[in-house]
Amino acid sequence: MNFNVKHYGNPTCGPQLTETEGFKTLSSLALDMRWSWNHTADELWQQLDPALWDQTHNPWLVLQSVSADQLNKLLAAPGFCAKMDSLVKEREDGDSAKSWFSENHWNASLKTVAYFSMEFMLGEALPIYVGGLGNVAGDQLKSASDLGVPVVGVGLLYQQGYFRQYIDGNGDQQAYKPFNDPGQLPVTPLRLSNGEWLRIQIHLHGQPLWLRTWQVQTGRVKLYLLDSNDAANLPDYRAITSEIYGGGSEMRIMQEIVLGIGGWRLLEKMGISPEVCHLNEGHAAFAVLERALSHMKKTGDNFEVALATTRVGNLFTTHTAVAAGFDHFEPWLMQKYLGTYAEKLLNISFNDLMALGRSNPQDQTEGFNMAYLAVRGSGAVNGVSKLHGKVSRHLFEPLFNRWPTEEVPVAHVTNGVHIPSWESAAANQLWTEATWADRWKWTTEEFETRIKSVPDDKLWAMRNAARAGLVDYIRNKTASMLTAYGADQEEVDKARTLFDPNVLTIGFARRFVAYKRPDLLLHDVDRLVRLLTNYQQPVQLVIAGKAPPADQNGRDLIKHWIQFIRQSGLSQHVVFLPDYDMLMASYMVGGMDVWLNTPLRPWEASGTSGMKVLANGGLNLSELDGWWVEAYNPEVGWALGDGLEHPYDQTLDQREAEAMYTLLEKEVAPTFYNRNANNIPEGWVAKMRKSMSTLTPYFSSNRTVREYTEKYYLPASDKYLARSAYNGALAKKVVEWKHDLDKHWSNIKFGDVTVLSQDEGKHEIAVEVYLDGLTLEQTAVQLFAGADAEGNIFVAEMQPIGAVESKGTGWMRYHVEVPASRPVGEYTARVVPKNPDVSLPLEYGPISWQH
């Protein structure tokens with residue numbers, strides 16, 4: 001089968017280049033999303049249709065819209081043809097070049113990672129994203145392409161995508177949902193070698209569902225998409241992929257079945273057998289079941305062995321900071337859509353299926369939690385920042401009964417952003433001169449030293465150029481919008497003078513939901529007005545963002561800002577830019593001097609918007625939440641809050657708003673406007689340099705993808721291949737080991753505890769334990785002490801020193817020496833499973849404690 005989109009080789013420029021050949025070559029370029037972050041092709045698309053390019057940034061749409069006369073004219077122009085030639089060569093050279101992965105992990109067992117996500121933000125030409133989750137997924141695919149990591153993406157192609165925002169005359173957000181015409185998107189149908197469109201069949205509620213398949217070329221990486229808008233489907237089934245996160249729970253469960261089950265079947269149909277499956281949030285967790293089913297069909301193993309085999313090759317990344325954020329499905333929905341799947345295909349009872357998604361498997365009334373399925377079906381789990389890892393350990397604590405929170409098996413990989421996608425033209429030029437053109441395709445150790453050597457005047461010139469570009473964008477965007485709304489010419493002309501390219505510019509662009517506190521700046525309106533209109537140190541403010549259409553509170557937050565702008569008459573100092581999307585975001589993060597972020601801690605799992613300003617020399621003023629907890633120090637920006645949670649403090653918003661005003665008045669604005677004889681703010685530039693040089697490399701998806709690869713992908717691949725080798729011998733052995741421990745675990749007992757000595761700064765502690773025939777190869781007797789003031793726990797394995805004959809057969813005494821820095825009473829004995837081939841307690845978690 002041939003599923004690849006053909007890449008046409010170097011065209012021959014000149015009269016002999018036909019329209020058909022030229023169109024084919026341009027098509028192969030336009031259908032590669034690499035040009036969404038490598039802007040060397042922008043000039044080409046602008047020549048085809050400047051106005052349409054500026055409006056859409058969609059090369060494929062521009063190419064399809066150009067007239068034959070215009071195309072022939074350009075193909076005959078030596079400059080255009082030479083540029084096309086060079087882009088084809090650049091792509092071919094890039095695809096065949098050595099990469100970080102090929103040079104550093106050439107002998108790895110890892111051949112393919114399947115990356116499942118409900119949304120991907122690759123570019124404004126492909127609107128199949130809402131926000132943060134899609135941003136992370138898209139940026140990681142791009143960095144996988146840069147670094148040569150063998151990843152394929154799996155997602156859904158939505159007919160509508162997310163809504164478009166319009167602010168009406170009353171300041172209310174209105175949501176419009178234009179349809180995506182696949183023919184105008186940079187996607188191509190996946191076709192069999194005979195030309196037939198590859199369609200995947202699954203069953204929902206006893207009815208067949210046909211899924212069309214698509215491919216998105218993303219540099220060296222492919223993204224595969226499914227959609228249900230197939231003429232053979234029932235009308236309501238055709239609507240399953242109509243809207244991202246659309247409808248209620250029933251629509252959501254169908255979408256997630258399509259993603260997880262349909263997505264894995266798509267890979268199988270294509271002959272792709274990933275060693276690793278990366279679940280980007282719990283939406284994709286049904287892939288756990290389908291991967292196990294695929295193994296069952298190939299080997300004849302039962303579901304328990306199949307899950308034991310495949311789960312070690314699954315990685316679950318959670319992005320949720322509150323339990324209510326996980327997808328939950330009522331038992332009746334699960335029965336309707338997956339009851340037959342469980343009983344007829346997985347050969348397990350419906351209750352056994354439900355147990356995988358319940359905190360209490362015995363509670364027949366509890367719903368099904370997709371995140372719980374992802375945890376129970378994966379070999380590793382991670383949050384998306386250090387703080388979020390800690391928060392997630394609390395969230396998943398119910399799955400690890402009696403285990404200390406610190407030992408709940410959730411680690412973290414802090415998010416990063418794809419720098420080439422978010423740096424301004426001015427920033428790209430500065431970074432290229434300081435480092436090299438392909439800097440984000442390799443490691444980044446040298447960047448700090450190189451950026452530190454850039455002169456102040458160059459850094460400040462870059463910042464001024466980027467800010468000026470943002471001001472031009474605001475003026476043009478506002479003028480175009482007013483023209484479309486039918487405003488008079490005087491108002492349109494006034495819009496073309498908005499803002500000042502030399503004034504301190506602060507941005508806030510997030511989803512308008514309560515926990516992000518987008519109205520914190522409006523807490524004291526009079527003080528805000530004084531800040532904005534300070535004659536000597538003026539400030540201009542750019543606000544953008546969408547509220548979920550069903551969230552009236554979020555919509556009211558937007559209206560609050562619109563009313564403030566209109567009533568204050570401060571349009572020269574503050575603007576709300578409607579319909580926030582990726583194109584607008586790129587201008588905002590490129591041009592802002594300060595990025596403002598005000599979430600209620602600890603609700604921001606990571607946050608990536610503030611990372612996007614780093615390469616552009618923007619500084620952050622943010623709550624100590626998410627990524628900023630790891631990034632902040634006074635040399636790189638400003639912080640709100642004390643780094644603690646205050647869930648019941650009714651005065652928190654007031655106190656933090658006042659602290660924010662004070663920072664802006666006393667530190668931010670004075671630092672920006674305090675200039676030397678060359679009109680350069682030395683203190684500001686020092687912060688820029690420190691932020692750019694130290695934070696940009698670390699909070700890039702270059703580092704994130706390398707960390708995922710070395711920390712998770714490579715070990716997961718090795719573990720999966722070990723479990724599946726020799727007809728799954730190791731997986732079967734693991735299952736037998738669990739069953740053996742299950743028979744004896746409830747009989748484990750503790751006897752007397754003795755302190756044998758308390759000298760030389762050590763305690764020697766002994767405990768009597770009855771293991772009911774379990775061996776020290778199967779279990780570990782440990783001494784445990786809870787978290788100290790620094791949050792560190794203490795665990796030491798105890799060794800046998802003899803039988804306790806007075807208590808009968810099977811009783812043994814164990815001992816260990818431990819530091820006397822803790823009182824004896826803080827130590828407690830326990831018994832835990834022991835197996836070097838099993839991730840504990842993730843895969844198996846009984847635990848017995850000394851009473």
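The following conversation discusses a predicted model.

User: What is the strand order in the open sheet of six strands?
Analyst: The order is β17-β16-β15-β18-β19-β20, and the pairing is parallel. In general, strands of a sheet pair through backbone hydrogen bonds.

User: Which strands are at the edges?
Analyst: They are β17, residues 574-577, and β20, residues 637-640. Each of these pairs on one side only.

User: How many bridges join β18 to β19?
Analyst: Four bridges join β18 (residues 594-597) to β19 (residues 619-623). Within this pair, Leu596 has Leu621 of β19 as its bridge partner.

User: Which strands does helix α23 lie across?
Analyst: Helix α23, residues 552-568, lies across β16 (539-544) and β17. Its direction is at about 140° to β17.

User: Now to another helix. Why is α16 described as largely enclosed?
Analyst: Seven of its 10 residues are buried, so helix α16 (residues 386-395) is largely enclosed by the rest of the structure. Among the buried residues are Leu387, His388 and Arg393.

User: And what covers them?
Analyst: The cover over the buried residues of α16 includes α15 (370-376), β13 (380-383), β14 (411-412) and α25 (628-631).

User: Which residues touch the most other members of the largest nonpolar core?
Analyst: In that core of 120 residues, they are Phe116, Phe286, Met334, Phe396 and Tyr713. Helix α10 (residues 249-269) gives the most to this core, with 10 residues.

User: What does Met334 touch?
Analyst: Leaving aside residues up to four places away in sequence, Met334 touches several residues, including Ile253, Phe286 and Phe368.

User: How many residues are in the second, separate core?
Analyst: That core has 96 residues, among them Leu498, Ala547, Val575 and Met611.

Notes
Residues are numbered from 1 along each chain as its sequence is written. This is a predicted model: local features need pLDDT of at least 70, side-chain atom pairs count only at pLDDT 80 or more; totals for chains, interfaces and linings use all residues. Side-chain values use heavy atoms; hydrogens and water are left out. Two strands pair if DSSP finds at least two bridges between them. Helices (H or I, at least four residues) and strands (E, at least two) are DSSP runs, numbered from the N terminus. Contact means heavy atoms within 4.5 Å. Axes are lines fitted to C-alpha atoms, for helices over the stretch in contact, and angles run from 0 to 180 degrees between N-to-C directions. Buried means under 20% relative accessible area, exposed over 50%, partly exposed in between (1.4 Å probe, protein chains only). A nonpolar core is a set of buried Ala, Val, Leu, Ile, Met, Phe, Trp, Tyr and Cys residues joined through side-chain atoms within 4.5 Å.
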